[in-house]
Amino acid sequence: MSTDATEVDMKEVELNELEQEKQPMTGAGDGVAGEAGSPTSAGGEKNGCVKVKVPEEAEPKFTGLSKEELLKVAGTPAWVRTRWALLLLFWLGWVGMLAGAIAIIVQAPRCQPLPPLSWWNEGPLYTVDDVEAFSETGLKGADAHIDSVNQLKVKGLVLGPIHHAPADQEKVLQLQEVSRTLGYMEDLDTLLEKAKKKNIPVVLDLTPNYNGDNPWYSEAFLKHPNTQDMMKAAVEFWLQKGISGFQLRGLEQLVETAPTLLQNLINKTKENDTETDEKIVIGVTRKHVPSEVRALQNQSGVDLLLSKVLDGVDSGTELASVVQTLLAEQNQTRLGWSLGRNSTLRGAGGSETLAQLLLLTLPGTPVLYYGDEIGLYSMNSSSSSKMVWDNETTEADSEDLKTQRTRRQSVRSVFKELSDLRGKERSLKHGDFYSLHSSREAWAFLRQWDQSERFLVALNLGQQEVIIPLKDPRVPAQATLLLSTQPGHKPGHSLSLDQLKLQPREAVLLKFPYSP
């Protein structure tokens, strides 16, 4: 084709192939000769191309059906039947999807309703019963440690007693005055304000004769007409100060000698309840027999009862019996657990974390003393030990002191982890309790709630290695280790439960998912 064509609407038409014979332009009988100089003058022949204009074909336009044509077609029986079929299919599909969704909802396991909980059921309470040992400067310096207490994820602070009460001298008792050996009212106000900012309710111990042998002086004191007025006035005074409740020691004396006084104090405290600030009354007893403690709980009407039922326990069988006895007739929201500073479970060899793991996983509210978070009482047998506050500059000269500091920090880390789990995991906070195995040396129990993750606790209370067989339909063949009080087991590993091996004085916390 010619490459010289410039017209867009022209197409070249090849007339001759390159090697085609020359064709004459005129026939033999034309009688007309080509003009001189003409391309055809030389023998009447011509080779070449002829350019012919060929108009482009217009693309057909789709105009669709007219309105009249559409109306005509739409009214035909075939299209009417088609529309009805499509409409029916649409609604059948919609109804089918709705029915499927309803079936899924009906067949899905229903969530168990959450039980009503008070703020003291949400996690551990932290007790500062000796303000001078807790803070070198008494109440004035105690507020400086609120941040440290808050890091432990505790849900409340039990303070004191702090009122003016010389031992066994009821005539000079001042329930509305701060003891001068501890500080001033302004110091307490500062502490309360700091705790409020951290959302830590403060419970005040209002036991009258806390420095003496008898917490209520004598039976005559309890029965004296002025005692009730004095106690009620003190309750009202401290509530106005921002106190969130009270702790009363010697509860058995109140129940046996002055039950009306006790009930009036409870009523007076509860009068100040609000939806956002519920008040608590904690009772403390020296009783240690589980059946007696259970009876006292039923008679007293206090929100929590702390006793010595765990202090003398030294076997897994006894430990299981104590817990099951108290749970038999009591809702766990009214159970409080604590360990005396000289409790058997606080023995040496890593038992400080064993005691923590036990208290923070039992059903009920764990109430711990200051210093429990660092294992203070495992290394000091005194009835009231001075708190140790670690910082970057202390104990830098002695390797032995550095080792002690490292150990305290390790124990505190375990405490924080357990306290955090206790506050956020439903199975630990208010889950059901099942004892799986108990023997002289060991005890294992399960905490579970509805479809939440399950937690299994196993403790070796003996001095020898033990193997705990956990063949129970409520537990799987294996579970994941969350925490161990001894270095032999590493968190995150899967442990076989049919033959669970524990080192001497070791406690472990394991978890496994819900399985329908």
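Okay, so quick definition before anything else: when I say helix or strand, I mean a DSSP run, at least four residues of H or I for a helix and at least two of E for a strand, numbered from the N terminus. On that basis the protein has 15 helices and 22 strands. And keep in mind, this is a predicted model.

A bit of overall context. We've got 516 residues, and 44% of them count as buried. The exposed surface comes to about 28000 Å², with carbon and sulfur atoms supplying 52% of that. If you take contacts with a separation of 6 or more, 68% are between residues 24 or more positions apart.

Now, two helix pairs. Two packed helices get described by the angle between their axes and the distance between those axes, so let's do that.

Pair one: α6, residues 185–197, and α8, residues 225–241. Their axes come within 11 Å and cross at roughly 55°, which means the two are oblique to each other. On the α6 side you have M185, L188, D189 and L192, and they meet F237, W238 and K241 from α8. By class, that contact is five nonpolar, two charged and no polar residues.

Pair two: α11, residues 290–300, with α12, residues 316–329. Here the axes come within 9 Å, crossing at roughly 25°. Anything under 35 degrees counts as roughly parallel, so that's what we call α11 and α12. The crossing is right-handed. As for who touches whom, P290, S291, V293, R294 and N298 of α11 meet V322, T325, L326, A328 and E329 of α12. That contact splits into five nonpolar, three polar and two charged residues.

Definitions and conventions. Residues are numbered from 1 along each chain as its sequence is written. This is a predicted model: local features need pLDDT of at least 70, side-chain atom pairs count only at pLDDT 80 or more; totals for chains, interfaces and linings use all residues. Side-chain values use heavy atoms; hydrogens and water are left out. Axes are lines fitted to C-alpha atoms, for helices over the stretch in contact, and angles run from 0 to 180 degrees between N-to-C directions. Angles under 35 degrees count as roughly parallel, over 145 as roughly antiparallel, 65 to 115 as roughly perpendicular and the rest as oblique. Contact means heavy atoms within 4.5 Å. Ala, Val, Leu, Ile, Met, Phe, Trp, Tyr, Cys and Pro count as nonpolar, Asp, Glu, Lys and Arg as charged, and the others, Gly among them, as polar. A crossing is left-handed if the near helix is turned anticlockwise from the far one by less than a right angle, and right-handed if clockwise. Buried means under 20% relative accessible area, exposed over 50%, partly exposed in between (1.4 Å probe, protein chains only). Accessible areas come from the Shrake-Rupley method with a 1.4 Å probe; for residues, only the protein chains shown count as cover.
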